Amino acid sequence: MRLLRIVPDDTKFDFMRFRRISFPVSAMLSIVAILLFFYHGLNFGIDFIGGTLVEVQTKAGPADLAKMRATVGSLHLGDVQLQEFGAPNDILIRISEQPGGDQAQQAAIQKVRDALGDSVDYRRVEVVGPSVSTELLSYGTIGLVLAIVAILIYLWFRFEWQFALGAMIANVHDLVLTVGFMSLTHIDFDLTSIAALLTILGYSLNDTVVIYDRIREMLRRYKRLPMPALLNASVNATLSRSIVTHVTVAMSLLALLLFGGQAIHSFTATMMFGVVLVGTYTSVFIASPILIYLGVGVGRMGGAEEPEPPIVASTAPPALGKPTAPSARRARARR
């Protein structure tokens with residue numbers, strides 16, 4: 001019985017020829033992402049800025065967002081944001097932190113209830129104080145930094161310094177572009193977003209390590225093979241595994257994104273971009289070709305190596321009536 005082969009085993013795609021395009025594009029996108037982070041900022045959720053989050057669902061069809069915004073805005077509760085998510089009758093109301101502690105927050109919630117009346121159902125109400133939000137933000141940042149440091153230490157002992165540096169550049173590239181995506185789309189940056197960033201770092205690292213292991217194996221086997229050809233062979237050798245893994249993850253994340261609800265929307269949207277789009281692209285077009293510029297494989301010419309697969313060249317038979325050069329020489333010699 002033949003096994004299912006989504007990708008043939010003998011693919012010979014020339015990925016390395018795109019490095020002169022992928023590097024400038026990635027550099028430009030990284031600069032744009034950094035500028036977005038500093039000038040556009042992130043849409044910090046209630047977890048990090050404190051305040052009140054109220055999720056409501058209108059009873060009489062799609063919500064009139066402008067009318068609801070005017071009604072809640074007339075309560076003078078400070079910065080109030082209303083946004084539609086999921087179905088047209090699902091509305092998310094964000095109320096900034098009120099001076100006066102928990103009693104002021106509860107009073108603000110009651111004002112919103114009185115203003116909207118019985119026209120909506122209250123699905124969720126969350127209140128986060130200032131001390132808790134500051135603590136969550138600091139702990140989330142510390143956790144992200146510690147994860148990056150731990151990955152760097154692991155790579156330093158796992159590979160030679162060129163491989164460790166290449167994998168770290170690829171990880172930072174994924175992180176920067178994902179943060180830029182979150183700033184551009186203005187999705188909530190909350191605790192689930194921190195979890196998504198940590199997951200993206202681990203997933204991208206795993207994908208890069210798989211390819212790097214194959215590259216090191218090929219370096220030991222073929223000591224005279226040019227680096228671009230060796231890198232192409234390594235990426236092609238792991239291509240089937242990469243495609244199957246990424247397609248499976250993409251299908252799972254798409255289901256969560258469509259049917260998971262608002263509670264995990266930030267997590268699934270960030271994961272969909274960071275893992276499926278950026279992570280796949282980075283492993284092939286950034287992490288692998290950067291080894292050429294880091295000097296991997298320099299000075300390895302020499303020593304015994306396994307023979308390369310023979311290259312079959314197509315040869316056409318000579319045309320009738322036109323003797324080849326050796327035949328013509330032999331005929332002249334006989335004469």
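Predicted model: local features only at pLDDT ≥ 70, side-chain atom pairs only at ≥ 80, totals over all residues.
Residues are numbered from 1 along each chain as its sequence is written, and side-chain values use heavy atoms, with hydrogens and water left out.

**View 1. A nonpolar patch on the surface.** Val 145, Val 149, Ile 153, Trp 156, Phe 157, Trp 161, Leu 165 and Ile 169 form this patch, with about 840 Å² of accessible area together (Shrake-Rupley method, 1.4 Å probe, only the protein chains shown counting as cover for residues). Helix 5 gives the most to the patch, with five residues, and helix 6 also supplies at least two; helices are DSSP runs of H or I with at least four residues, numbered from the N terminus.

**View 2. Val 145 in helix 5.** Val 145 has its place in helix 5 and counts as partly exposed because its relative accessibility is 45%, where buried means under 20%, exposed over 50% and partly exposed in between (1.4 Å probe, protein chains only).

**View 3. The largest nonpolar core.** A nonpolar core is a set of buried Ala, Val, Leu, Ile, Met, Phe, Trp, Tyr and Cys residues joined through side-chain atoms within 4.5 Å. The largest has 42 residues, and among those touching the most other members are Leu 155, Phe 163 and Tyr 212. Helix 7 gives the most to this core, with 10 residues.

Conventions: Patch = residues over 30% accessible without salt bridge, like charges linked within 9 Å, V, L, I, M, F, W, Y side chains within 5 Å. Salt bridge = Lys/Arg side-chain N within 4 Å of Asp/Glu carboxyl O.
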